Amino acid sequence: MKRNKPLSILTAVLLLAAMLVISAFSARKPHEAAVRQTAATASQAELSDATAPDDVRGVWITYMELSMAYEADKSEAAFRKKFEAIAADCKAFGFNTLIVQVRPFCDALYDSKLFPASHILTGEQGKSPGFDALKIMCAVCRAEQLSLHAWVNPYRVTAGETPSSLSANNPYKQNASIGLETESGIILDPSNEEARRLITDGVKEIVENYDVDGVQFDDYFYPTDIGDADSAQYQAYLQTVTQENAMDLAAWRKANVSLLMAETHLAVHRAKPQAVFGISPQGNLGNNEKLYADVKNWCGKKGYIDYICPQLYFSTDNPALPFETALNEWQSLHYAEGVKLYAGLAGYKAGSDADDGTWQEQDDILRQEYSILKENKDISGILLYSYVSLHEEAAKQEMEALQEAIQENGS
């Protein structure tokens, strides 16, 4: 893995300002005011030297696994009991970090002044469960000596028919101009300044009010079916620039997403300097281009992320893209000093017929992949997707082998 030379904080801040203005936007390109404000704020920010930790052994806890919507008992005591069992399972397995999904649909599994209560806890968006789920999860993780990162889907409002209805106080219901509709669902508009402010304010709300160690965005950026849903926004942008200065549509979309990443990174560090901000993009490096996620730039320049965890959800013998081939592609990127590389493992595929049946040819693929990563000095941690796979019957042998490897080598 190629790395740039270490930078001082002042140099890093100046580089962030220059990078935002020069590499992505010029003075006549979109979001001029936002870029200028980001640069001015960055120059005053008291950013620490804290970086993402090494030896991370984590597991994603999805909103489905936290759901209380179909439980007969939806009480605080029932949720606490459920999460205590999850945390105890993960610690016993050998994990030291939980990535918990707290904002899946422009909503909140915590007390928020910006987003409605999630339907995940009650079955109805906007209906309070009567307790603060994230506060409970933080307390449980501290008791178990587990790190906790708040997992946020930054843009998604709906996915298909989920949630079945939006509450009256959902930000999109209150102001549809901040969103875009496609066949796959509704997202917050990446080019909309108010939408970006909502997202970054929401992250700040989490970091300031909860005992979290970090914030993570997942791999949902522009949807693949975006089509011409943002054509009016792009045309409005073109009216603000001369032809020779105009970015094409793909570059404009990338710039929109990258600005949010820089703003979010800054918001996290200003709210809690020791907290970290990470992203878990798709493991096939090229696929990120289709989502307008400029992962190479985020890795290679200071000021976007503290860690990246590509979802390397491939078997070792996957005919389309073997695990080590994908890993090598990520290692070959340039990384700014302090940006850590983690690797996501596909627990959900263990024992299944995925990847042309190659997961059924061996029963210790995850252990092999863990061993490859553990011996690799460029890899600072692993994350498993997801918690439920620990108890899947089809994955039993894979999980037993992985657990043995983690407990032998994890500390």
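This is a short talk through a few local features of the structure above.

Okay, ground rules. This is a predicted model, where local features need pLDDT of at least 70, side-chain atom pairs count only at pLDDT 80 or more, and totals for chains, interfaces and linings use all residues. Residues are numbered from 1 along each chain as its sequence is written, and side-chain values use heavy atoms, with hydrogens and water left out.

Let's start with strand 2. Helices (H or I, at least four residues) and strands (E, at least two) are DSSP runs, numbered from the N terminus. Six of the six residues in strand 2 are buried, so the rest of the structure largely encloses it. By buried I mean under 20% relative accessible area; exposed is over 50%, partly exposed is in between, with a 1.4 Å probe and protein chains only. In a regular strand the side chains alternate between the two faces of the sheet. Here both faces are covered: Val 56, Gly 58 and Trp 60 sit on one side, with Arg 57, Val 59 and Ile 61 on the other.

Who are the neighbours? Strand 2 runs parallel to strand 13, joined by four bridges, and Val 59 has Leu 384 as its bridge partner there. Strand 3 also pairs with strand 2 in the parallel sense, over four bridges, with Val 100 as the partner of Ile 61. Pairing takes at least two DSSP bridges between the strands.

Next, helix 15, residues 396-409. Its 14 residues reach 20 Å from first C-alpha to last, close to the 20 Å expected at 1.5 Å a residue; that expected span is 1.5 Å times one less than the number of residues. Its buried residues are Glu 398, Met 399, Ala 401, Leu 402, Ala 405 and Ile 406. Seen down the axis of helix 15, they fall within an arc of 165°, so they line one face. The arc is taken from the directions from the helix axis to the C-beta atoms. Strand 2 comes back here: the cover over those buried residues includes strand 2, helix 4, helix 14 and strand 13, with contact meaning heavy atoms within 4.5 Å.

Now a loop residue. Asp 355 lies between strand 12 and helix 14, and counts as buried at 13% relative accessibility. Its side chain makes polar contacts with the side chains of Lys 349 at 3.0 Å and Trp 359 at 2.9 Å. A polar contact is a pair of N or O atoms within 3.5 Å; within protein, one must be able to donate a hydrogen and the other to accept it, and residues adjacent in sequence count only if both atoms are side-chain atoms.
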